[in-house]
Each structure stands twice: as C-alpha cells, then as structure tokens.
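Open the model in your viewer and keep the sequence panel beside it.

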Amino acid sequence: MGCFPCFDSKEEEKLNPSNKEESSDNDRKEVHHHNHQPAAVNPNVAKLSSGADRLRSRGTLGGSKRESSGPKEGPYDHIAAQTFTFRELAAATKNFRPESLLGEGGFGRVYRGFLESTGQAVAVKQLDKDGLQGNREFLVEVLMLSLLHHQNLVSLIGYCADGDQRLLVYEFMCLGSLEDHLHDLPPDRESLDWNTRMKIAAGAAKGLEYLHDKANPPVIYRDFKSSNILLGEGFHPKLSDFGLAKLGPTGDKSHVSTRVMGTYGYCAPEYAMTGQLTVKSDVYSFGVVFLELITGRKAIDSTQGHGEQNLVQWARPMFNDRRKFPKLADPRLQGRFPMRGLYQALAVASMCIQESAATRPLIGDVVTALSYLASQSYDPNVPSSKANGDKEDRRTSNERGGRIGKNEEGGGSGRKWDLEGSEKDDSPRETQRMLNRDLDRERAVAEAKMWGENWREKKRQSAQSSFDGVNG
C-alpha cells in the first residue's frame, strides 16, 4: 500500500477532477480558474470533523484533551491534524487584527497567531469565501500535509471547518517567504548572499524530490514559486501551500490531464498549452525560481523594459554567450560570488527550463548537483588563488575513474556516469560548452550530476582515511 491510503480512485476523481479543456487568461498573473458562484459544501469537507464537534465531544466525555481530526471510521481517519474552532483561532490572532497580518493572496489572508494551549506561534490562513481556493483545494491541502512529512515541507498543525469558515494552521516560519528576501527589499534589509541562495535552492529541491521520488504515488506540486517557499531559522526552506497539488501518473501513464492552474511565469509551456502535467512540469517551475535566486529578478516584472519582463525569455539568449554570464548575477551581490559557481548554477537552471520536458533533468539529479554547489562555501575575503588547491583535490578524487549507478549514494535518475578524466568538467570553458545552443542535453545532465558525485566521493574517501588512521 502506498502512503496515500485515503486516495482511492473515487476520491481521486473528487479531489483532482480531470478536465482537458485548456484554460488561459493572459490578463491575470494567476492562472487559477474557479467559478465564484456560491456552492454547496463539498461532501468530502463535510466528512471532516469541525472544531465545534470536538468541543461537543469534550462536554460529553468530560475531557479536555485535544483529539485528532477526522471521523473514527472511513478513509479520513488517517488525518492526524488537530481541529480548531473559529473562536479559538480568532483568539489566537487577536480577532484577525491588521497588526497580525503576514500577507494575502488569491486564497485569502495569512495571520500570525499564538496558541495559548501549547505556547506555540503559528500562521493561520483564512480562506476567502469568494477567493481562488475553494473547498476542494482546502481538502486537498489538509489531506496532503497530513500524509506528507519532510524537513523541507511546511508542517500543518490543524484546521478549522466551522460552518462556512475554512482556516488552516501551520507552523510559523519566522523569516517569511523567499519572495520577501529577493524582491522589493526595504532599505534596511540586506540581500541574500551567494551561500544562502544555494542553500535555499538545494533545500527546496529536496522538498520536490521527496514529493516526486519518495511519495507513493508521486505528488506534483503544481505551484512552485518563490512566495510558496517559506524560510525558518538559518534560512531553512520549506515548501508551503499544497492546495493545487495533484497525484502524479502511475503505471504506464506518462502524464495526468487537468485544468491549467498555477501562477503565470512559472508554468511549464507544455502544461500551459495542453493541460498535460508531469513531474517535469515542477522541474521547469524550479528552474524559474532558481533563476530568480541567481538574478534577483521576478519571474514576471511589468516594470522592466520591453523584452525583459519575462525572466526566462530575458535570460535564455544570454546562456549562449559566456561573456554575458556575469550580467545574469544579481547586482545586489556586488560581485561577491564564485565565477565557477555561477557558471554551474546557470547550467542547472538552463537545463531545468528547457522547452521540451523530455530534455529536463529529474529532480534527483538536480538535488545532487545543487548539494554540491551548496557545499562549496564561498568566502569573498579568501584570495582566488586558493581555487588552485581545490582543483588539485578534485584531480585526486577524479583519478580513480569508475562508474556510479543508481544503488550508490545520491539516487537520481539511475544513469551511469563515467568519471574518468573529469577534472575539467566544472571549468568555465566546459560549462559554457554545456550551455551552447546545440549542446548534448544528456551529457549536460551527466556533468551536472558528476559535480555532486565527485563531491560525495571526496567525502567518502576523507571519512575512510580518518577511519584507517584511527585503526592503523
């Protein structure tokens, strides 16, 4: 049995109805399409226990211990999230006063709250009754976050389904969203440094890897964007907002068909045109966010000049000219980034935003490459000549030759990579070759993964040397 026991075929049809009709609205940034007519309560939502039910059960049983949500029988008994009454959440947010507001979007507003019963700071999302997120999305998010648990996914604490009120209670992420730290920064806020950007990218990719490769069946996130990446202490990233998440294809199916939903500027072209959704659609969206991290630009920015408003369309032509690579770096970095690291990061981003889904890498390979990049801590105060010593270390690691398969550390796509003579593979010239218009895509993916595998092998050899020294 997979990790989604509550998603049988009938429930899947209810939660993720297939609709092959293409939807488009170029005048709106959000490409969500909902009927804003008032609708009857979704029968699936009605099955969720409400906070009022819990209070009644308290009075009947004479107890005060908080119960887990969901009825005692049926598919929804797998939901472990707590239930809250509307009154409890109003008290936690001080009646949803403006001073507690953290942000708002098409779904409604998010408030900071404090649960006196547990002494815990939380984020409370109050869904707009006339907003873009309806009962179906509410139920999907409750189910998804109750069943999926990973260090790079935000934790759902509970929910409220009192009457027509729909609220979700999450762990509080103290540093806000990635978008808050990349765009429209206030004068008193420092820009993210290079090391932090690579750390965030690697962590966010690991969250996607969990959804694609560890969840069974796989989950397609469908709304990967900078505002949905929340940051905790130490800029630890977590993916949030799973209302649009959809179960991926299983068996011999190559894709799932659905309404086109997501955010303009992040949607993969094949999904926007046909409604055919695959895990590679998320990889494209990841590539857009990674470009945001590298360039500091928004995915769509109407304040930019002609030809520069769409980030992908602006960046793609520059991938073919190595002399323009430094222009792709965020000016707020003020040149404080490793040139080799920039080239490698651009190589990964370039592969993720390919027009053809088939030529994009799997997220496991992206994680391997970005884990390597995040491990290469950059210190702008260290003379660049130190890089020569790093290159010698890489040469020692690469001289071993050999091939790495799926069952060895690193996971990924399962391809085997020849590591002989690969000491040149992370040089600017080689990376530039990878970014040429007519490059061999499979070779590019192999080289990106090679950086990560070389790094992992170096760590294994170092650990083995330490062990031999202790036991020698």
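Select Lys125 and Tyr170 and show their side chains. A polar contact of 3.3 Å joins the two side chains. This is a predicted model.

Lys125 sits in strand 4, which runs over residues 120-127. Is Lys125 buried or exposed? Lys125 is buried, because its relative accessibility is 3%, and the cut-off for buried is under 20%. In the unreviewed UniProt entry, the annotation "binding site" covers Lys125.

Next, select Ser226. Look for it in the loop between strand 7 (219-220) and strand 8 (229-231). Ser226 has a relative accessible area of 1%, so it too counts as buried. Now show the side chain of Glu292. The side chains of Ser226 and Glu292 make a polar contact of 3.5 Å.

Last stop: select residues 339-352, which form helix 11.

Now color helix 11 by accessibility. Twelve of its 14 residues are buried, so the helix is largely enclosed by the rest of the structure. Step along the buried residues: Gly341, Leu342, Tyr343, Gln344, Ala345 and Leu346, then Ala347, Val348, Ala349, Ser350, Met351 and Cys352.

Technical notes:
Residues are numbered from 1 along each chain as its sequence is written. This is a predicted model: local features need pLDDT of at least 70, side-chain atom pairs count only at pLDDT 80 or more; totals for chains, interfaces and linings use all residues. Side-chain values use heavy atoms; hydrogens and water are left out. UniProt positions are given in the numbering used here, feature names are shortened, and annotations may be inferred rather than shown by experiment. Helices (H or I, at least four residues) and strands (E, at least two) are DSSP runs, numbered from the N terminus. Buried means under 20% relative accessible area, exposed over 50%, partly exposed in between (1.4 Å probe, protein chains only). A polar contact is a pair of N or O atoms within 3.5 Å; within protein, one must be able to donate a hydrogen and the other to accept it, and residues adjacent in sequence count only if both atoms are side-chain atoms. The expected span of a helix is 1.5 Å times one less than its number of residues.
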